[in-house]
Amino acid sequence: MRRFLLTVLILFSMAAVYAGEGNAELIFLDKRIFGVPDVKSGDVVEKIVRIKNVGAVDLNILNYKPSCNCTKVELPQTLGPGQTGQIRIITNTVGKQGENTITVLFDANTSQRDYVIRIVLDIVP
């Protein structure tokens, strides 16, 4: 009976280790919160955030959503293991004044799933 339990324990341990090897994992090579002071109303602000897949399988960005229609997002749909890429966020400030926070929410096939990038703009007339 002891031998049987030991064999089962070893098999479950091996399965857990093997399952962990199949994950995509995303790391940010840049910060995810930006402050941009003294932006003139009507300016276009662009930020680039570099990312890397440090997992063993392809990283797939499944969905993304900027917080307003004034923001355009360009990003890779897939990054292979070890590959780096960038998320480019372009925001138009026409008609805006004061402090404005732009967020981009996205999810990927990683253990965390949900990610946020935040840009805080101080828009002056």
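Buried means under 20% relative accessible area, exposed over 50%, and partly exposed in between (1.4 Å probe, protein chains only). In a regular strand the side chains alternate between the two faces of the sheet. Strands (E, at least two residues) are DSSP runs, numbered from the N terminus.

This is a predicted model, in which local features need pLDDT of at least 70 and side-chain atom pairs count only at pLDDT 80 or more, whereas totals for chains, interfaces and linings use all residues. Residues are numbered from 1 along each chain as its sequence is written, and side-chain values use heavy atoms, with hydrogens and water left out.

## The mixed sheet

An open sheet of 5 strands has the order β2-β9-β8-β4-β6, with mixed pairing. Two strands pair if DSSP finds at least two bridges between them. β2 and β6 (78–79) each have a single partner strand and stand at the edges, so one side of each is left without a neighbour in the sheet.

Strands β2 and β9 run parallel and are joined by 6 bridges. Ile-33 has Arg-118 of β9 as its bridge partner, and Lys-40 is partnered by Val-124 of β9. The pairing of β8 with β9 is antiparallel and extends over 10 bridges; here Asn-100 stands opposite Leu-121 in β9. The hairpin of β8 and β9 has 5 residues between the strands, and in this hairpin Arg-113 takes a positive phi near 75 degrees.

## The antiparallel sheet

A further open sheet has 4 strands in the order β1-β3-β7-β5, with antiparallel pairing. β1 and β5 (71–74) stand at its edges with a single partner strand each, so one side of each has no neighbour in the sheet. β5 and β7 run antiparallel and are joined by 4 bridges, and the bridge partner of Thr-71 in β7 is Thr-91.

## The nonpolar core

A nonpolar core is a set of buried Ala, Val, Leu, Ile, Met, Phe, Trp, Tyr and Cys residues joined through side-chain atoms within 4.5 Å. The largest such core has 27 residues, of which Phe-28, Ile-87, Phe-106, Ile-117 and Leu-121 touch the most other members. Two or more residues come from each of β1 (26–28), β2 (33–40), β3 (44–53), β4 (59–66), β7 (84–92), β8 (98–108) and β9 (114–124). The most, 5 residues, come from β9.

Residues up to four places away in sequence being left out, Ile-87 touches several residues, including Val-49, Leu-75, Phe-106 and Ile-117. Contact means heavy atoms within 4.5 Å.

Apart from neighbours within four places in sequence, Asn-53 is in contact with several residues, among them Ala-24, Glu-25, Leu-79 and Gln-83. The side chain of Asn-53 reaches the backbone nitrogen of Glu-25 at 3.4 Å, and a polar atom of that side chain lies 2.8 Å from the backbone nitrogen of Gly-55.

## The disulfide

How many disulfides does a search of the whole structure find? The search finds 1 disulfide, a disulfide being a pair of cysteine sulfur atoms within 2.5 Å. Cys-68 and Cys-70 form a disulfide with their sulfur atoms 2.1 Å apart. The link is left-handed, with -60 degrees about the S-S bond.

Key: Polar contact = N/O pair within 3.5 Å; in protein donor to acceptor, adjacent residues only side chain to side chain.
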